[in-house]
Amino acid sequence: MTFSPSDATMTLGDPGRAAAPPPRAPIVRPLKIVIAGGFAAGKTTFVDAISEITPLTTEAPMTQYSVGLDNAGEVRTKTTTTVAMDFGRLTLSPSAMLYLFGTPGQDRFWFMWDELSKGAVGAVVLVDTRRLSDCFGAIDYFERRSMPYVIALNEFDGRLAHDPDDVREALAISSAIPVMSVDARERVDTKNVLIELVKLAIERRRHRVV
Amino acid sequence: MSSTRFVRQFALTGGRARSLGADLDLDAIVVRQPGEWPASRLGPEATTIIQLLDGPLSVAEVSAHLGVHLGIARVLVSDLAAGGHIAVWTAEGGANGPDLVTLERLLDDLQSL
C-alpha cells in the first residue's frame, strides 16, 4: 500500500469528534455523444469544429474470428486488427465534460459501437449524400437499440447533393428524427446538431416508461 | 500497431489486459487526488499519467497522450485508483444513459456556447 494522505487522518480520528475531511479530488462526470458515419463522411472535421482540444486518437485492439472452408473442412481463423477512434472534448462546467467519439463506420467494428453507445446521450449520423448507403448500417444499429440519433448531411464544397426531405424518404427515416444539412467545419452547425440531438434525447426520456 | 509494440505494451502492465475491477469506460474521468504521491514507487507510465493530470482527463485521453491502446490505459488507471492516487468518475446513470435533469442541463450548456 502506498502513502495516501487520507490514511493518516482516518487512523488518528477521534471517534467522539468528527475529523476535518481530507481534501478530495473534485467530482467530474462525463457525458458522451457518438459521431457515426461512413469512411470520410467528415466525422473528425465535425468533432474538430466544436472540440476545445485538437481531436485525439485512441486505439483498441480487436480480435476477429472468421469461419471458412478449405480442403480439410471448416477452419476458424483469428486475426487481430486495431480500431482507431478520433474524439474531442468540451468542458461544460467544472463538474461536467462532454466527449464526442467518432466511430469507424464499417460493420466489422460493431463491438466498438456497443461500448460507445452504452450510456451515451445519443448519436449523430454524419452522411455524405454522394454515398448514402454508407450510413445504412449506423441507422439500423441506432434504430434497433432505440437510441436517440439525428442525421446530419454534410455539405461538401457548399453544395448539397440531395435535399434533406429526399434523403429522409430514401432512408425511410421517421419524421421524429431530425435530418439537417450542415457544414461540418462550422462550429455553429455542429452546435445546432448537438442541440437537436439533446432535445430529442430529452423528449424520449420524458416519454419513456420506466 | 506492430506486434512488437503490442507485446511491449502488455509488458507495462505485467501481461494483464484486464483491470482488477470492472472494465473502465473509455469516457471515465480521471482526477488526481490532492496531496503527496511517491513518484519513486510508481512506474514511469504511472508517473506520466499523474503528471498529465493537471486537469481532469478521460481514460481515452490518457490512452492517446501515452500512446498506448485503450486496454493498457485502463489497467494503468485502475492501478493508480487502487493505490489511492487518483479518483475515477464514471457517467451518472450508467448504461441507462443520463437522466432528464442531466440532459436538460446539457441542453442549457450547449445553447449558451
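## Burial and helix 3 of chain B

A residue is buried if 20 or more other C-beta atoms lie within 10 Å of its own, exposed if 12 or fewer, and partly exposed in between, with C-beta atoms placed from the backbone. By that rule, the buried residues of helix 3 of chain B are Val59(B), Ala60(B), Glu61(B), Val62(B), Ser63(B) and Ala64(B). Helix 3 is thus mostly covered, with 6 of its 8 residues buried. Gly67(B) follows helix 3 of chain B and has a positive phi, near 70°.

This is a predicted model: local features need pLDDT of at least 70, side-chain atom pairs count only at pLDDT 80 or more, and totals for chains, interfaces and linings use all residues. Residues are numbered from 1 along each chain as its sequence is written, while chains are lettered from A and ligands numbered from 1 in the order in which they are written.

## Chain B as a whole

Chain B holds 5 helices and 3 strands. Helices (H or I, at least four residues) and strands (E, at least two) are DSSP runs, numbered from the N terminus. From that end, the elements of chain B run α-β-α-β-α-α-β-α. Of the 113 residues in chain B, 41% are buried.

Two residues are in contact if their C-beta atoms, placed from the backbone, lie within 7 Å. Take the contacts in chain B between residues at least 6 apart in sequence: 68% of them join residues at least 24 apart.

## Two helices that cross in chain B

Helix 2 (residues 44-52) and helix 4 (residues 70-82) of chain B have axes that come within 10 Å and cross at roughly 75°. Axes are lines fitted to C-alpha atoms, for helices over the stretch in contact, and angles run from 0 to 180 degrees between N-to-C directions. The two helices of chain B are therefore roughly perpendicular. Angles under 35 degrees count as roughly parallel, over 145 as roughly antiparallel, 65 to 115 as roughly perpendicular and the rest as oblique.

Helix 2 of chain B brings Glu45(B), Ala46(B) and Ile49(B) to the contact, and helix 4 of chain B brings Leu76(B), Val77(B), Asp79(B) and Leu80(B).

## Where the chains meet

The contact between the chains takes 43 residues from chain B and 39 from chain A. Helix 5 of chain B gives the most to its side, with 8 residues.

What is the angle between the axes of helix 6 (residues 187-207) of chain A and helix 5 of chain B? They cross at roughly 160° and come within 9 Å. That makes helix 6 of chain A roughly antiparallel to helix 5 of chain B. Residues that meet here include Leu194(A) and Ile195(A) from helix 6 of chain A, and Leu103(B) and Leu107(B) from helix 5 of chain B.

## The nonpolar core

A nonpolar core is a set of buried Ala, Val, Leu, Ile, Met, Phe, Trp, Tyr and Cys residues joined through C-beta atoms within 7 Å. The largest has 75 residues. Helix 4 of chain B supplies the largest share of this core, 7 residues. Ala152(A) is among those with the most contacts inside the core. Not counting residues up to four places away in sequence, Ala152(A) touches Val124(A), Val125(A), Leu126(A), Val127(A), Met180(A), Val182(A) and Val193(A).

## Two loop residues with positive phi

Ser146(A) is not a glycine, yet its phi is positive, about 50°. Ser146(A) sits in the loop between helix 4 (136-144) and strand 6 (149-154) of chain A. Ser146(A) is exposed, with 9 other C-beta atoms within 10 Å.
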